[in-house]
Amino acid sequence: MSVPDYMQCAEDHQTVVVVVQPMGIVPEEQFFRIYKRIASVSQVSIRDSQRVLFIRFRHHYPPENNEWGDFQTHRKVVGLISVTSCNTAKEWPQTSDRFHGQKEVFGSTLYDSRLLVFGLQGEVAEQQRTDVAFYPSYDDCPDVEKRVEDFVESIFIVLESKRLDRATDKSGDKIQMLCVPFEKKDFVGLDTDSRHYKKRCQGRMRKHVGDLCLQAGMLQDALVHYHMAVELLRSVNDFLWLGAALEGLCSASVIFHYPGGTAGKSGARKPSVSSAADAGKRHRPGAQEVLIDPGALTSSGISADTSAEIGRAKNCLSQEDIIEKYKEAISYYGKYKSAGVIELEACIKAVRVLAIQKRAMEASEFLQNAVYINLGQLSEEEKIQRYSVLSELYELIGFQRKSAFFKRVAAMQCVAPTIPEPGWKACYKLLLETLPGYSLSLDPKDFSKGTHRGWAAVQLRLLHELVYASRRMGNPGLSVRHLSFLLQTMLDFLSDQEKKEVTQSLENYTSKCPGGMEVISLPDGLKLPPVPFTKLPILNAFHSLCIYTVCCFSLMCVCVCVADFQWVQGDVCEVQLMVYNPMPFELRVENMGLLTSGVDFESLPAALSLPAESGLYPVTLVGVPRTAGNITINGYHTSVFGVSSDCLLEGLVGVKSSGCMVEVVPSLPRLQLCTSLPRSAHLSSEDLSTSVSLQLFNGETQQLTITLENIGTETLNTLELTSKTLSTKEKLFGEFLTWDLQDALSHLPLKSGQSVSIPVNISAKLDFSGQESLLNDLNDDGISVTGLPVSSPLRQVLKPRTENKPVGSDASKNEFNHVKTLEAVLTFKYSGGAGQVEGYYRELSLGVRVDVEPSVFFTRVSTLPATSTRQCHLLLDVFNSTEHELTLSAKNNQDLVLHASECQRYTHTHTHSHRLLLHWRDVTPSVQLIEVCRLSDGIT
């Protein structure tokens with residue numbers, strides 16, 4: 001026997017084999033419709049008996065396996081059902097002859113046969129025959145199942161008669177020697193009269209009668225006969241048949257313990273009446289094999305009445321003993337090279353039993369033995385079937401990775417070099433079935449849920465094989481999907497060289513078939529989800545901005561976040577991403593844009609090139625909302641290596657938000673601000689549109705011209721300007737910023753493209769009288785700050801102001817720590833268009849920073865009496881702290897010229913309680929400085 005039945009299970013020992021075959025030209029679809037109906041009659045309860053006959057229907061059965069029917073009767077074909085089409089009466093004789101010829105194939109073992117004829121009507125079809133049934137068509141055959149049941153009952157009658165004949169054999173010492181095909185030549189010339197030969201004949205016949213009893217539904221009788229056969233065959237060292245007797249004993253015990261079967265859900269059977277009745281008679285686990293009274297054996301070795309043995313012995317093996325006997329039987333089979341198929345099938349049966357007992361490790365030992373059983377030269381199809389069944393059995397006992405290994409071997413066998421037409425589709429299908437065993441899923445979402453599972457090297461090999469198989473199938477789209485999945489999920493396990501090779505292959509595939517985000521459906525119903533390239537590049541941060549507001553947000557919350565600002569219909573809006581390139585070569589990303597939902601949004605795609613293994617790289621994606629409402633930013637789309645990807649935020653590692661909602665308000669005008677001064681760094685404590693900075697001497701006034709241009713599409717209707725002086729400890733005299741907005745308002749409404757200018761006066765009037773640090777500087781330079789100068793001439797050069805040092809820098813502050821700073825914010829509030837109707841407006845802010853330096857100091861003030869009691873002479877020691885030459889003037893007095901860093905005495909006749917207004921002018925450049933000094937008689 002060279003063709004194993006990989007679906008064998010222990011309960012098959014109580015079945016009879018019936019072959020159902022088409023005869024002549026029968027449509028395949030119609031044949032299998034009838035075959036399915038016939039096979040539904042898998043067990044028949046015998047009338048006037050509590051016994052059940054189980055049937056195994058086969059539409060193909062190797063005749064050489066039938067030759068082993070004496071060794072194990074469940075291998076013997078005892079029934080034949082032929083299905084044929086016959087349209088006319090002239091065809092009937094030929095059909096009948098063909099049926100007789102088909103019976104001759106299994107003629108030596110057949111108990112009964114039936115012919116089902118479809119399409120023949122008339123006189124021939126009206127004949128009443130037990131072995132032939134006529135039906136007008138394949139659709140009009142209502143009693144097929146009933147005829148099959150009658151056919152099975154006729155088989156049972158023959159089976160029962162054979163059982164009784166063998167069990168009551170009265171031929172004395174002349175018992176037939178049963179043998180397997182390869183033994184026939186070994187028995188030539190043997191001494192048939194020897195005691196050894198007779199015992200062998202008796203043991204084999206006992207085993208054969210046990211098989212017949214098991215098929216006939218007499219479980220306890222079968223157990224007794226098997227036990228007797230074991231004792232007889234063991235005594236003569238007939239190992240092959242001893243193994244068969246032990247296997248029969250195991251099968252009968254399995255049927256007793258597991259009436260539902262061991263073949264799994266597909267092979268589950270209803271418990272028979274006898275086995276259900278026997279279920280209450282199970283003995284304790286660990287019971288011994290059996291103790292048989294030698295007196296129960298007749299001189300011929302066969303006793304017709306086994307009731308005594310049944311009553312005196314507990315014949316059924318325990319669940320533990322079943323496995324031990326299977327091991328013993330398999331060891332005996334292993335002694336015979338020609339019994340490889342029997343040994344393999346016994347291993348499979350034992351594994352199925354162990355799977356029910358949940359003894360996986362022991363089951364794996366049986367399977368490991370099955371792997372190394374040599375069955376000779378197997379065809380490629382048989383090898384595929386063998387490896388596939390091994391895979392299924394390993395899966396049955398929970399060895400998922402081992403199961404995947406053998407299934408992968410079966411897949412590779414489908415495309416072996418020796419096969420003229422390799423089955424790439426079958427190979428691909430089997431490779432897909434190996435994925436769970438290697439902890440692989442074709443859904444990329446499963447790889448973002450934590451640590452990587454499985455052996456990455458094996459997974460990479462399997463994915464490469466899927467890519468190659470799909471390409472050989474002629475499906476480049478499938479190759480692109482698998483290669484994209486490999487690159488996305490296995491990127492961390494690829495070497496630099498492998499990354500280059502995979503991306504080159506992917507570009508070659510996508511040049512013929514670009515990759516997309518569609519779901520690929522396979523013929524067997526499996527769906528391959530899209531694979532977005534979220535790692536090419538890798539997103540590190542995601543920020544949304546509005547170009548013309550001062551707000552921004554970061555997507556780090558758990559659900560959809562709501563922005564604390566609004567976007568404006570028709571305006572360009574920005575989203576900033578921080579990405580980096582993990583590849584060892586330059587990465588080109590094309591067609592990168594935003595994925596949104598809600599209002600109509602026009603995304604403006606961008607293209608970028610990231611250096612090899614770059615650090616964080618900022619990318620700005622822009623778009624224009626075309627309608628008002630709420631818009632949700634869901635992610636971004638890219639095109640890398642010819643594969644288009646939609647990368648959703650909810651699937652990105654490190655981004656805990658599934659999106660961000662932004663309110664889009666109706667259209668508003670948009671202003672662009674320009675100033676007469678250059679821009680500078682923003683004030684540290686404020687969010688500003690732009691900033692300017694300048695330097696003034698104390699008392700100096702400078703004009704700043706601000707130009708506002710309407711660069712939007714809506715007309716500007718309203719404009720407001722406010723200022724806010726930031727917190728300062730300095731005492732400020734007068735207004736810091738002043739302006740007149742009337743001229744600008746007269747130009748409203750301001751249409752698109754028009755502009756308006758607003759002059760703003762900046763005045764710096766601070767109190768430097770208590771500047772101790774400066775007074776210390778004056779003392780250090782030899783200038784008296786409390787009385788007359790101690791050195792002459794009074795022209796000492798102080799530390800000059802360096803023009804090229806940045807304003808507000810640390811070095812400048814350290815060197816001129818007497819410089820004071822003023823900061824303020826000008827805020828423009830404006831509106832227009834549809835947004836004004838809804839109550840929306842925009843704000844534009846300008847930061848102003850002024851560094852104020854001292855100009856003129858009065859280092860000493862004293863008075864002398866004058867001729868009039870209403871007047872006095874006022875003596876002022878005036879110090880020029882600037883680098884420039886100044887002219888000091890007062891009302892009704894001559895001007896006093898002060899050079900840079902020069903101190904001179906100034907005399908003025910002063911009327912009591914009057915104010916002295918002094919003006920001094922910087923000669924070069926011409927800048928007017930004004931300072932008001934309040935003096936009274938009480939000043940000393």
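**Helix pairs and an open sheet in a predicted model**

Helices α6 and α7 cross in a left-handed sense. Helix α6 covers residues 219–235 and helix α7 covers residues 239–257; their axes come within 9 Å and cross at roughly 155°. Angles over 145 degrees count as roughly antiparallel, so α6 ends up roughly antiparallel to α7.

On the α6 side, the contact is made by Leu219, Gln220, Leu223, Tyr226, His227, Ala229, Val230, Leu233 and Arg234. Facing them from α7 are Trp241, Leu242, Ala245, Leu246, Gly248, Leu249, Ala252, Ser253 and Phe256. Sorted by class, the residues of this contact come out as 13 nonpolar, 4 polar and 1 charged.

The crossing of α10 with α12 is left-handed. Here Ile323, Tyr326, Lys327 and Ile330 of α10 meet Glu362, Glu365, Phe366 and Asn369 of α12. The class breakdown for this contact is 4 nonpolar, 1 polar and 3 charged residues.

Turning to the strands, there is an open sheet built from 4 of them, running in the order β21-β27-β26-β23 with mixed pairing. Its edges are β21 (690–697) and β23 (718–725), each of which pairs on one side only. From one strand to the next, the twist averages 20°.

Zooming out, the protein chain holds 22 helices and 34 strands. Of its 940 residues, 49% are buried, taking buried to mean under 20% relative accessible area. As for how the chain folds back on itself, consider contacts between residues at least 6 apart in sequence: 72% of these join residues at least 24 apart.

Note on methods
Residues are numbered from 1 along each chain as its sequence is written. This is a predicted model: local features need pLDDT of at least 70, side-chain atom pairs count only at pLDDT 80 or more; totals for chains, interfaces and linings use all residues. Side-chain values use heavy atoms; hydrogens and water are left out. Two strands pair if DSSP finds at least two bridges between them. Helices (H or I, at least four residues) and strands (E, at least two) are DSSP runs, numbered from the N terminus. Axes are lines fitted to C-alpha atoms, for helices over the stretch in contact, and angles run from 0 to 180 degrees between N-to-C directions. Angles under 35 degrees count as roughly parallel, over 145 as roughly antiparallel, 65 to 115 as roughly perpendicular and the rest as oblique. A crossing is left-handed if the near helix is turned anticlockwise from the far one by less than a right angle, and right-handed if clockwise. Contact means heavy atoms within 4.5 Å. Ala, Val, Leu, Ile, Met, Phe, Trp, Tyr, Cys and Pro count as nonpolar, Asp, Glu, Lys and Arg as charged, and the others, Gly among them, as polar. Buried means under 20% relative accessible area, exposed over 50%, partly exposed in between (1.4 Å probe, protein chains only).
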